[in-house]
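Try each task before you read its solution.

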Amino acid sequence: MRRFSAAAAAFTLIACTSGTPGNSQDPAPVGTTPAPVAQDGRPFTVTRVADFDSPWAMDFLPDGRMLITEKAGTLYLVSADGQQRQAVAGIPTVDSAGQGGLMDVVLHPDFAQNRLVYFSFSEAGEGGKGVVLARGTLETGDSPRLADVERLFQATPYVPGDGHYSGRIAFSPDGQHLFFTNGDRQKLDPAQDKTGTLGKVLRLTPDGDPAPGNPLASQGFHPAVWSYGHRNLLGIAFDDAGNLWEQEMGPRGGDEVNLIRPGQNYGWPVVSNGDHYDGRPIPDHGTMPDRDFVPPQASWNPVISPAGLMIYSGQLWPQWGGDIFLGGLSSQSLVRVDVNGASASKGDQWDMGTRIRDVAEGPDGAIWLLEDGGRGANGALMKLTPPS
């Protein structure tokens, strides 16, 4: 396992911006403050803080410390400056083959009182493999651990294969509901299957039960389903207005950012803005007016391979308040999506020179990134701040 970098030096990377509308080379709209521009053309400085072994997700404790997951199954409690870490005991055995592993980690909204930590992981079981939602109580000290770990929910059905688990977690603003993403497991058709949870956004209680009042239960759907017709959902978050935003990887083309509405069908695999990997075409959204498929707010072709989703609310870049930030894997980028109420459009795409697995906002408004741990990437934890 790699250890921390000896120095937290500025991490200089080649910079570029996308040619999409809203990039940093366009004039700022009247009444807005232009973003500061670093010498390399990016409005931030990147500091490499630490190295991990294939990190996947992170969340911040109220005191500024971080919880960071590693794909192989280790959860770390990391100091606020990134210079110290402790492995957290209590994580169940995970199946980390392919795209599987220990995935998301999210604090309960009342963590300061109840110390509850929610996490997701993939496992092998009857019928194949699937993704599990679990929680435990964080105990810190010399030997931190998750106590009283409970399995709350598992995907239905378990199927063969090692891909498209998804496993992202988000709490509603009132803390009364938990949203959990289940990918299509590279099986396509389950995303439209009423009886299972694959290819769906789920709405659960904090205890992991299907939430009462879910919109599709009366139509024969699995009672946890909130929306369906999704592919590989690797980011989900609420904005300050209570809108639920989601991103997912498309096939060959067609990566998406969606505004999630209850009971809606987002089309996969019947429609997509991309095509199958073998070149077979897929009808675009809007080409089947007799089917009520919801089109994405923004899509990418060529793909960006989105990973993680954060909605910015800090003061270090006030001009970005309410905007979506995505990591880019194959695109080796950090991507900003302009959000205007209940609509969104592509904004900046900054070349980071490496695969970005997750993006989060720190307590001081800094943007933190996790570098992917494969295909030439090294698993760094990085901090973005305005240029001096």
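**Exercise 1.** Which residue in β9 does Val 132 stand opposite?

*Solution.* A note before we start: this is a predicted model, where local features need pLDDT of at least 70, side-chain atom pairs count only at pLDDT 80 or more, and totals for chains, interfaces and linings use all residues. Residues are numbered from 1 along each chain as its sequence is written, and side-chain values use heavy atoms, leaving out hydrogens and water.
- Find strand β9 at residues 145-154; strands are DSSP runs of E, at least two residues, numbered from the N terminus.
- β9 runs antiparallel to β8, joined by seven bridges; strands pair if DSSP finds at least two bridges between them.
- Facing Val 132 you will find Gln 154.
- The β8–β9 hairpin has five residues between its strands, and Gly 141 in the turn has a positive phi of about 125°.

**Exercise 2.** How many bridges join β7 to β8?

*Solution.* 
- Look at β7, residues 116-125, which runs antiparallel to β8.
- Ten bridges join the two strands; in one of them, Val 117 partners Gly 136.
- Two residues separate these strands in their hairpin, where Gly 127 takes a positive phi near 95°.

**Exercise 3.** How many of the twelve residues of β8 are buried?

*Solution.* 
- Buried means under 20% relative accessible area (1.4 Å probe, protein chains only).
- In β8, residues 128-139, ten of the twelve residues are buried.

**Exercise 4.** Which residues does Phe 180 contact, leaving aside its neighbours within four places in sequence?

*Solution.* 
- Contact means heavy atoms within 4.5 Å.
- The partners of Phe 180 include Val 131, Val 132, Leu 133 and Phe 153.

Key: Buried means under 20% relative accessible area, exposed over 50%, partly exposed in between (1.4 Å probe, protein chains only). Helices (H or I, at least four residues) and strands (E, at least two) are DSSP runs, numbered from the N terminus.
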